Amino acid sequence: MEEKEPQISHNPMLQRYYAAWESRLGYRLVMGGTRHFGYHPLGTTWPLPLGAVLRRMEDHLYQLLELPTGSKVLDAGCGNRHVALQLARKGLRVQGIDIVANHIRWARQEIKAQKMENMVSARVADYHHLDWVPDMSFDGVCTMENFVHAREPEQVLSEFFRILKPGGSIAMHEYWHLDDDELPPGTPKDLSESIKRVDRQSAMPTDRRLRRGVLQQVLKDQGFVEVVEKDLSRNISPTLLLFYVLGYIPYLIICFFGLQAWFVNTGAGVQGYRGLQRQLWGYTAGKAKKPLETIR
């Protein structure tokens, strides 16, 4: 039987964000191609070496899954391979999906170069439309700062729930934000507006909905149990400090010439660090399980 071609939602803003030269060059030069924050033990301030703390964040996601060796996991929004390969090194069998074709092309090249084809595969697919995936076919699902891109987050979680086996695990590293009416007095207007602009220009509509504790609730609403959410904002602060130091002078120049729309990530690094220090937004890790007996 011929495999069904995945449906891909039309999302030009997201495609433009990842195709932009600032994203491609910045992620490669600063992050080695990785597209997530590093995990720093509490009490540390020095952000380097960056590679080690990036792998530590991937290890944290692996630990949340709590799955035995050989378990089958969907890496939803896999980027160009880093999370999927790290999970595979821990013994998990990983199917990576992403709607950006270049990400999948680069991921496949690296998977082949590392001779990991027996543990990791990658394909262009959209986590809103997983009808090509049979019911109850995965032991785990994970997202690494990608659920924020969802246009229909309830639909995405419903699909995750459907494809998980009973007792299967979901692990998510995502962001939360304060609403406008929750902002503390004296919050600089340029700071709150710039954070909103980053959400728009980097195609993160769900990011605006994920207030503190909301991820835990939406998981429960979809039928997940044993839901736990933990704030990791202090653990990512040194990575953001690095972005702030690297981007501060360029960002002043960018603002002087009114070029913020062309340098989304530079603004996100500088204003994101300022916002994190004021607790206007933060970083959260959530985990949950599909019940052994499910009534939908």
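**Salt bridges in the predicted model**

The side chains of D59 and K90 form a salt bridge with an N to O distance of 3.6 Å, a salt bridge being a side-chain nitrogen of Lys or Arg within 4 Å of a carboxyl oxygen of Asp or Glu. This pair links distant parts of the chain, 31 residues apart: D59 belongs to helix α3 (residues 50–65), and K90 to the loop between α4 (82–89) and β2 (93–98). Helices (H or I, at least four residues) and strands (E, at least two) are DSSP runs, numbered from the N terminus. D59 is buried, at a relative accessible area of 18%, whereas K90 is partly exposed, at 34%; buried denotes under 20% relative accessible area, exposed over 50%, and partly exposed the range in between (1.4 Å probe, protein chains only).

The structure is a predicted model, in which local features need pLDDT of at least 70 and side-chain atom pairs count only at pLDDT 80 or more, while totals for chains, interfaces and linings use all residues. Residues are numbered from 1 along each chain as its sequence is written, and side-chain values use heavy atoms, with hydrogens and water left out.

In total, 14 salt bridges were counted. Another joins the side chains of E66 and K287 (3.5 Å, N to O). Because E66 lies in the loop between α3 and β1 (72–76) and K287 in strand β7 (residues 281–289), this pair ties together parts 221 residues apart in sequence. E66 is partly exposed, with a relative accessible area of 49%, and K287 is partly exposed at 21%.

Within helix α7 (residues 189–201), E193 and K189 are four residues apart, about one helical turn. Their closest N and O atoms are 3.9 Å apart in a salt bridge. E193 is partly exposed at 30% relative accessible area, and K189 is exposed at 63%. Salt bridges with shared partners join D180, K189, E193 and K196 into one network.
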